[in-house]
Amino acid sequence: MIVLEKRPQPSRAWSMSTPLVAVLATMFFGGLLFAALGKNPVEAIETIFWEPLFGEFAFYYRPQLLVKGAPLVLIAIGLSLGFRAGIWNIGAEGQYIMGAICGAGAGLAFYPVEGWFIFPIMVIAGALGGWAWAMIPALLKVRFGTNEILVSLMLVYVAEQLLASVSLGLLKNPEGFGFPGSRNLQSYASAHNAELFEGTGMHWGVVGALIAVIFAYVLLNRHMLGFHIRLTGEAPRAAKFAGVNPARLILFCLGLSGALAGLAGLFEVSGPSGVVSIDFNVGYGFTAIIVAFLGRLHPVGILLAGGLMALTYIGGEIAQSQLGLPAAAIQVFQGMLLFFLLALDLLTNYRIRAARKEVA
Amino acid sequence: MTTPLLSLQGLTKAYPGVVANDNVSFDIGEGEVHALLGENGAGKSTLVKMIYGLVKPDSGTMLLRGQPYAPPEPRAARADGIAMVFQHFSLFDALNVAENIALGMENPPPMGDLASRIREVSETYGLPLDPYRTVGDLSAGERQRVEIIRCLLQDPKLLIMDEPTSVLTPQEVEILFETLQKLRAEGTSILYISHKLEEIRTLCDHATILRLGKNVGECTPRETSARDMAELMVGTALQTPQRAGRDFGEVALDISGLSVPSPTEFGTALKNVHLTVRKGEVLGIGGVAGNGQDELLGVLSGEIQTAADAVKMAGQPVGRLGPTARRRLGLLTAPEERLGHAAAPDMSLTENALLTGSVREGLESNGFLKWNDTRSFAERIIKAFDVRTPGPENAARSLSGGNLQKFVIGREVLQNPEVLVVNQPTWGVDAAAAAAIRQAILDLASKGAAVVCISQDLDELMEISDSFAALNEGRLSAPRPTTGLTVEEIGLMMGGAHGMEVAHV
Amino acid sequence: MDLTEINPVLLVASLMVAATPLLLAAIGELVVEKSGVLNLGVEGMMIVGAISGFAVSVETGSPWLGFVAAAVGGALLSLLFVVLTQVALANQVASGLALTLFGLGLSALLGQSYVGIKPPSMAELNIPGISDLPVIGPILFGHDPILYLGIALTAAVWAVLKFTRAGLILRAVGENHDAAHALGYKVVRIRCLAILFGGACAGLGGAYISLIRVPQWTEGMTAGVGWIALALVVFASWKPWRVLLGAYLFGGVTVVQLNLQAAGVAIPVEYLAMSPYLITILVLVILSADKSRAPASLGRIFHASH
């Protein structure tokens, strides 16, 4: 018989290695899945994990890693602070959309004026848009005790409808020959979040993600507020005893994660995507949840996890075009990763021990 | 000689790192009240859990009326006529009395019949109880009655009672003892677990004493002095805390006309509470659990805010201040629940030292943390209070109850409070650690701090406090000097028998 | 715009259809939460139920087999939740999210070859004479059997929770798992069964969308119904009949906004389409003041350490 035995304290070794073990387990079972779909599993795994980094066209894919990874990291950093405190913002997708709408809207309001001040205004508007959208569940939770999980999620669907509405109405390109979608910000110099160095994929969103990682690291390890965030997640009553104001913490965590998600949306719409359109969002807000957990809610971990997840996106696309692997298979693959991670987390806090057959 | 009802032979149960029971043997006779005596951590709970089928012994056998007895689960134990009244964790607050009782029975009758049987049994044994009341609304004594009646409905041969009097007033204890004696007269055996020696001397026919998992002796309590039993139980002669004669200074803490609702659903509201504590004074607050102790601590720690001048420190209103601001003024508190309230279980001792120490020990500047200073503060606590741990980087949950309690109390005491409030400072702590904690409290008071000690252990309060008050249903009795108080007077301050006088056994 | 085109009888009849997926998923989740487990994976279990039910009925031609497959599919997915939360003791919120993300991906993968197909239809209840009655006929006696199953399930869950020993034990486990364990009840086993029941119900609810309500398969077609079902359990204060009431209210909102869209009311389509979500939020706000009915152990991890 197998029994679980709680460790006197969390194991650091397992805490560091579970993500790796989870990735390996996912590769194995993902390979089985690909084999079941009639693909060569080794080839598929290689295409996903090797091709973008070291393959023939790596010069093209490597910058893409930054482009895909930046929004994931930016959003996941914000989410992780809340998750640590037991505040579950799962509506980052909605905040991402609202950031994009507000940021792009602010930029397009100036069209066709050119000026250095336009992009900073867009950044602020994007952050504010995401922040405001996240403040809805935050305020409702503080004021009425409403469940933030459900409210933030419902607001994703609302944001999607708003996105549809503005791309068909308010922000529709007047010179777009009736097609839905806004003007392309890539061709509006003052509003374009262009690559900072040609061919590197490095845009302001990447810079923002790195700053967010450093900020979160310092906050969690060196600052009272970060300590209070961790304390609230570990032991809410002890946090209250220590003097934490739960309402302020909720407003801070949700607000910050909303602002970061909004920024991610703005950087995306003004850069790689360029256009506010009905299907502008591709689920970064949800994938970021996986990234946050895969990075064990730790800023450096999230940075690595964001890179890995970006890899599966790009590798998935390559596998899609080269091997005909369905896009949904990659989604399953990512979901699997989260499963293994959560299941293996057990080893951090518990020891698995074979017990003697109990005397019955 | 007749066959004993239950015979334990060489029971052993080991957990990783600790042998909870080591080759324990003894017999419980028919119609006998058998005491199982021992300190916290002596292995009493593990032993009864084996008898009740919750834990399986690693080795050893049990015989019930001469037949091998090895219950795979509590259900089987109940079927064999073993019933147990738990100290904690066995009632469902949101369900009513009858539902709670039905859950502890194998084949409960329909609810209507069950309700009338509950009324019947409760009247026979002098334990009045309404079957349709929600358990969460009952007092601690009434909750115990639910458990006892649940057991009695099954006509048990052996009734196990785990520390039953820790939740009762002295008057309620007397009523309980009458019930138990009636049961004994009817032929029911009782295994009575306690560390309260006088009780055992009054009630029990025979006693087995456990220390560190071993059976270290048996005796007939009526013929053995409490002191001898205590020494068997602890293993060494006990040290009573030393208190110097003290002069009290001006009023340090003043609560007047305080009424607050409880923040939790089945909590107790505080009603018009008044108290003052002077510098150098230890005020003991007694009372049965669940009569507003947690709420009183919350009001003092700042977790529950009140009207500004309902709570005053040295004349200054602090009722609206949060915990951090109060700490700055020197009002420090230590809640009852160690894991999860006073300390975060998964965080290190260093981090737990920061939890309340940041302001007074200067462990932060502009919000940035000084980890080195924090670590040395944690180390100072560990050293000064003899906390047994490899070091401050260990998680709070890795400490034993007594060690963690020393850490929690030490953390506050070392910050030199003006006023210290502690709730159940020695609950579940072994005798040596308890003595150390009491001594620390007394030393603090002799240095001029005002101390409020909330506890359910009356012996402890008599030992350390200068004045005594009791909480009863959220009301606080007027404090009186401890010297000269009788047990009857204390019992009445605690609310007497909580309306049980009407029932006659 | 022409509001007179909206036929009140058809409106009521169709709101019952719109409400049924919600009702099925929510009544399952109610049982899960009563046992003290918070499974946020309802959306994932629904969509997996939707595709497994759809695929099996297309392949076999039998909608009945489809519904059975949907229940099995939902339960199988919930088995993953069992492994995570009851065996590996993982955080329930995170595990529920994982279930939903995984379920959405899995269903998309399974459903690739079923897009654009029409499933076999299920015969509606037709009692000669009664089903033809004006007003009452179409509202009460003109539906498919699964709709009645939903109502019957509500009644059954209510009765079991209120009157039976099994229901009492389930509630006890949800209230205080330590106490239930001390009395010798198998907390983990009971919770596993509750979670599987919840998964089967969610699967049925999902299949109701893909087989009856729409009926066809599109990716992500549950569109948040699973999340609304979760909100509904809170709305209903964990009481079965109030789940029914809530489901019909939300069904009503959905149907009315669809009718208004069809009638060409001057409100933009997007704003009508977001209304069910906004109303869910509104209802959550109104009801969140009353938390007293939530099972006390809800969402807490149970580990028996003697």
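**Notes on chains A, B and C**

Start with a sheet in chain B, where four strands in the order β2-β1-β4-β5 make an open, antiparallel arrangement. At the edges of this sheet are β2, residues 18-28, and β5, residues 67-68; each has a single partner strand, so one side of each has no neighbour in the sheet. Before going on, please keep in mind that this is a predicted model.

How many bridges join β4(B) to β5(B)? Two, and the strands run antiparallel, with β4 of chain B covering residues 59-64. Within that stretch, B:Leu63 stands opposite B:Pro68 of β5(B).

Chain B also has a second sheet to show you. Here the order is β12-β11-β14-β15, again in chain B, and this too is an open sheet of four strands with antiparallel pairing. The edge positions belong to β12, residues 270-278, and to β15; each of these has a single partner strand, so one side of each is left without a neighbour in the sheet. β12(B) pairs with β11(B), residues 251-260, in the antiparallel sense, over six bridges.

For context, most residues other than glycine have a negative phi.

Now the domains. For chain B the domain assignment gives domain 1 as 6-234 and domain 2 as 251-493. Their C-alpha centres are 32 Å apart. The contact between them takes 16 residues from domain 1 of chain B and 13 residues from domain 2 of chain B. On the domain 1 side, α5 (140-152) and α6 (170-185) of chain B each supply at least two residues. By residue type, that side of domain 1 divides into five nonpolar, eight polar and three charged.

Next, a helix pair in chain B. Helix α11, residues 349-357, packs against helix α12, residues 371-384, at an angle of about 95 degrees, and their axes are 8 Å apart.

Over to chain A, which has a helix pair of its own to look at. Helix α6, residues 118-144, and helix α11, residues 246-270, have axes that come within 6 Å and cross at roughly 145 degrees. Is the crossing of α6(A) and α11(A) left-handed or right-handed? Right-handed. The contact of α6(A) with α11(A) divides into 18 nonpolar residues, nine polar and one charged.

In the loop between α5 (92-110) and α6 of chain A we find A:Pro112. A cis peptide bond joins A:Tyr111 to A:Pro112, with omega at about 5 degrees. Again for context, most peptide bonds are trans.

That leaves the contacts between chains. Chain A puts 38 residues in contact with 40 residues of chain C. Elements of chain A that each supply at least two residues to this side are β1 (2-6), α6, α7 (148-168), α12 (284-294) and α14 (327-344). Which of them gives the most? α7(A), with eleven residues. The side of chain A that touches chain C divides into 29 nonpolar, seven polar and two charged residues.

Last, chain C against chain B. This contact takes 14 residues from chain C and 19 residues from chain B. On the chain C side, the elements that give two or more residues are α7 (165-175) and α8 (177-182) of chain C. α7(C) gives the most, with five residues. That side of chain C divides into seven nonpolar, four polar and three charged residues.

That is the end of my notes.

Technical notes
Residues are numbered from 1 along each chain as its sequence is written. Chains are lettered from A and ligands numbered from 1 in the order in which they are written. This is a predicted model: local features need pLDDT of at least 70, side-chain atom pairs count only at pLDDT 80 or more; totals for chains, interfaces and linings use all residues. Two strands pair if DSSP finds at least two bridges between them. Two residues are in contact if their C-beta atoms, placed from the backbone, lie within 7 Å. Ala, Val, Leu, Ile, Met, Phe, Trp, Tyr, Cys and Pro count as nonpolar, Asp, Glu, Lys and Arg as charged, and the others, Gly among them, as polar. Axes are lines fitted to C-alpha atoms, for helices over the stretch in contact, and angles run from 0 to 180 degrees between N-to-C directions. A crossing is left-handed if the near helix is turned anticlockwise from the far one by less than a right angle, and right-handed if clockwise. Domain bounds come from an automatic or database domain assignment.
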